[in-house]
Amino acid sequence: MKRLNIAIIGQGRSGRDIHGAFFNSDANGGRFKVVAAADEIAERRQRAAAEYGSDCAVYSDWRSILDRKDIDLVINSTFSYEHYPVTLELLERGFNVVTEKPAAMRADEVRRLIDKASEKGVMYNVFQQSRFTPYFDQVKKVIASGVLGRIIEIDIAFDGFSRRWDWQTLQCMGGGSLYNTGPHPLDQALNLLDMYDVMPGEGLNVFCKMDRVNTWGDAEDYVKLILTAKDKPLIDLMISSCNPYPCFTYRIQGQYGGLKGGMAEMEWKWYDPTEAPAQKLIREPLSNEEGMPKYCGETLKWHSDSWSGSGSAAFNSAVDRYYTMIYEHLVNGAPLEIHAGQVVQQIAVIEEAHRQNPLSRDFIQPETEE
């Protein structure tokens, strides 16, 4: 089995705790080997050297890997605002790249990265592993089964109550709930709509309300995003740090029934129209057998089903599926189920949401000011 040599830029909560943890796990199966890691913080470099082994070189500056010829894939886990320029430089130097979300701050930047990867004949992909989670698989299976009939509305909620004060609360760092958490549920939402070539204002309608509530930074921590399109279900996406009573990750309304549930449990119910009482439109006021006013009502035979999984196992399995996709593409030429072209629409939606909600900026750094 061919082994791919990996370089990871950044050894924080993503670079180490997600990507590095997978490469060091049994699920890796010897397919990937971390041979280089970069981080500005000395303690993180020391930890990387110990955890990845003697074959892994550590660097304080990620540019130190640019002249290496033995690296098959670079993982870009830098600060969010650095994803675009760092990825662009890596692609220019001929590296295959997986970048953390958000892919970039602007849709045009994603397009330029796609064009650069094509020009250089390398792979560019975005770490949208949440599309491979078991709970999202189950949502899609239920919808595809047709038991719910035509889908009218899909509510997605990534919410809870929390206060936050780290760099991901700063606009100048590419922070805020929509750029930070948003790429995961928004990727799922746009996958359900399945109309990636349609941009906001060109057939995809976007309404967004943002607010700053429980954050120490200047970026939003409350997002309500509504997506509509012709012949598609309405999608209501909530990303909030202001809800102490979270209920469901998914709630679906359909023609014959609906679904509710979260990342570990889900249930859905429906009726079979062939089993339902025959009805016809009656224009006259309804009356019961005694001639008294009557409310329109009937008894339907409901069917139900359920699904259960594990939150932590679900996350790990999604990472495994994602990197299996990357491995099969780089080694065997298999197509990419998740590809960067799909992410252009996602970032365009985020741009439109920010256009509708021009937040003041309190922590602008001169080098990132626009």
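## Helix 4 against helix 9

Helix axes here are lines fitted to C-alpha atoms over the stretch in contact, with angles taken between N-to-C directions. The model is predicted. In it, the axes of helix 4 (residues 107-120) and helix 9 (residues 340-356) come within 8 Å. They cross at roughly 165 degrees. Angles over 145 degrees count as roughly antiparallel, so helix 4 is roughly antiparallel to helix 9. The crossing is right-handed.

From helix 4, Ala107, Val110, Arg111 and Ile114 make the contact. Helix 9 meets them with Ala340, Gly341, Val344, Ile347, Ala348 and Glu351. By class, this contact has seven nonpolar, one polar and two charged residues.

## Nonpolar cores

The largest nonpolar core has 72 residues. Ile65, Leu90, Tyr124, Leu225, Leu227 and Tyr250 touch the most other members. Helix 9 supplies the largest share of this core, eight residues. Another core, of 27 residues, lies apart from it; Ile6, Val34, Ala48 and Ala318 are among its members.

What does Tyr124 touch, leaving out residues up to four places away in sequence? Its contacts are Thr87, Leu91, Val97, Thr99, Ala103, Val110, Leu113, Ile114, Ala117 and Ala340. Val110 and Ile114 of helix 4 also meet helix 9, as part of the pairing described above.

## Helix 3

Helix 3 spans residues 83-92. His83, Tyr84, Val86, Thr87, Leu90 and Leu91 are its buried residues. Gly94 follows helix 3, with a positive phi near 90 degrees.

Definitions and conventions. Residues numbered from 1 in each chain as written. Predicted model: local features only at pLDDT ≥ 70, side-chain atom pairs only at ≥ 80, totals over all residues. Heavy atoms only, no water. Axes fitted to C-alpha atoms, helices over the stretch in contact; angles between N-to-C directions. Helix = DSSP H or I, 4+ residues; strand = E, 2+ residues; numbered from the N terminus. Parallel < 35°, antiparallel > 145°, perpendicular 65-115°, else oblique. Left-handed = near helix turned anticlockwise from the far one by under 90°. Contact = heavy atoms within 4.5 Å. Nonpolar A, V, L, I, M, F, W, Y, C, P; charged D, E, K, R; others polar. Core = buried A, V, L, I, M, F, W, Y, C linked by side-chain atoms within 4.5 Å. Buried < 20%, exposed > 50% of the residue type's maximum accessible area, 1.4 Å probe, protein only.
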